[in-house]
Amino acid sequence: MSEELTKKTEDLSLENDHTVLSSKEEFTAKHPLNTKWTLWFTKPLTSKNENWSDLLKPVISFGSVEEFWGIYNSIPVANQLPVKSDYHLFKEGIKPEWEDEQNAKGGRWQYTFSNRREVLPVINDLWLRGLLAVIGETIEDDENEVNGIVLNIRKGFRVAVWTKDCDLEKLKVIGERFKKVLKLPDDQKIEFMSHDTFNNKGEAQLSL
Amino acid sequence: MPKYTVDQLLESRELAHNPKPDVLDAFHKMVDAIAEHVERKVKVVHGDSYIDENGNERAYSHLNRRRLSRLSNTPRPNLRKKSEPTVDQDGWATFVKPKKSFGAEEGENDKIKFRELLKDTAVKVRPNNKNLGSSKAVDPRDAIADKHTNTFNAFEALGDDDD
């Protein structure tokens, strides 16, 4: 009996790197994410009677890898979105607004792809990589700093990772990984700004 | 709880499960409709628009014209040339209206030549009475050129000696 138990507990070892995702055959069960996420959408202004709260709406929440793909495959991809619209993917319970108390003391790492024509063929892939890095939580170690990721469709495309705090040491790791996710070369800089600085049109506090 | 790398997650794409197909379908349709609306570049003025005879949405932009300059409080500058007083030998000052360049004496010969040139080519146009005094442009179809026509005059024929 005790031998049986020992054998079973060996399989439960936390040091075991093998996950169900390592083998396609084993990937049949539901694969929960560490956090539940909510997808939000900001629609562009089409009437002067609309205000910000009319434009920003939650679309759907999910908590597993399978659900993420089911949702992603059913919604318009980044380059199909109309100008002046946004996608926001945030942890459940956090509104994608700087006024939300979880965001209020934080800021954003951001990069703008200003040449629309150039980035149009690759933006879908880059945005998807951003989403995956955030929901898989490989964009940070265990800092639990990242609140969400935002895509703004304007003349160009702006991608931003929103953080809970402005601790520059922790932010550096996130920034470096974010840059890799967006496949940016060294000469292209991403910038970090606290929400306060952003709202006051100030200078970036950190760039990588 | 496990972390999933980007590559691991990409490999699991085929296991997709749509939790709420009706919600996502409605969302997709809404985004498509917005994109179509934005593409048409309809500028909505105060949320007010109408559908024209071709089925296109149009804004009442003609109600949103610029303020007329004549309603301004600042006085408009007087651009007319003022007559200047000329003093003759006896000391009398008279106001002489400056001549317009077209009627100036030095251009008199040119004016005559120009008139001679046009003499043969000029087309006389009968005025269109219905539009006189109106700001409407004269309908060119109503204008009849004064063409030379050969007509038979019975009175002249009676007095003709040839018969």
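I began with helix H5 of chain A, which has 13 residues and reaches 18 Å from its first C-alpha to its last, close to the 18 Å expected at 1.5 Å a residue; the expected span is 1.5 Å times one less than the number of residues. Helices (H or I, at least four residues) and strands (E, at least two) are DSSP runs, numbered from the N terminus.

I note that this is a predicted model, in which local features need pLDDT of at least 70 and side-chain atom pairs count only at pLDDT 80 or more, while totals for chains, interfaces and linings use all residues. Residues are numbered from 1 along each chain as its sequence is written, chains are lettered from A and ligands numbered from 1 in the order in which they are written, and side-chain values use heavy atoms, with hydrogens and water left out.

I looked up how covered H5(A) is, and found that 12 of its 13 residues are buried, where buried means under 20% relative accessible area, exposed over 50% and partly exposed in between, with a 1.4 Å probe and protein chains only. Among the buried residues are A:Trp127, A:Arg129 and A:Gly130. Just after H5(A), I found A:Glu137 with a positive phi of about 60°.

I then turned to the sheet, which is open and has 8 strands in the order S2-S1-S3-S5-S6-S4-S7-S8, with antiparallel pairing; two strands pair if DSSP finds at least two bridges between them. Strand S2 (56-64) and strand S8 (206-207) of chain A stand at the edges with a single partner strand each, so one side of each is left without a neighbour in the sheet.

I followed strand S1 (residues 32-42) of chain A to strand S3 (residues 86-91), with which S1 pairs over 6 antiparallel bridges, and there A:Phe41 has A:Tyr87 as its bridge partner. Helix H5 (residues 123-135) of chain A packs on the sheet, touching S1, S2, S3, S4, S5 and S6, and its direction makes about 165° with that of S5(A); contact means heavy atoms within 4.5 Å, and angles run from 0 to 180 degrees between N-to-C directions of axes fitted to C-alpha atoms, for helices over the stretch in contact.

I also checked A:Leu39, which lies in strand S1 of chain A and is buried, with a relative accessible area of 5%. A:Leu39 and A:Val59 are 20 residues apart in sequence and 5.5 Å apart in space, C-alpha to C-alpha.
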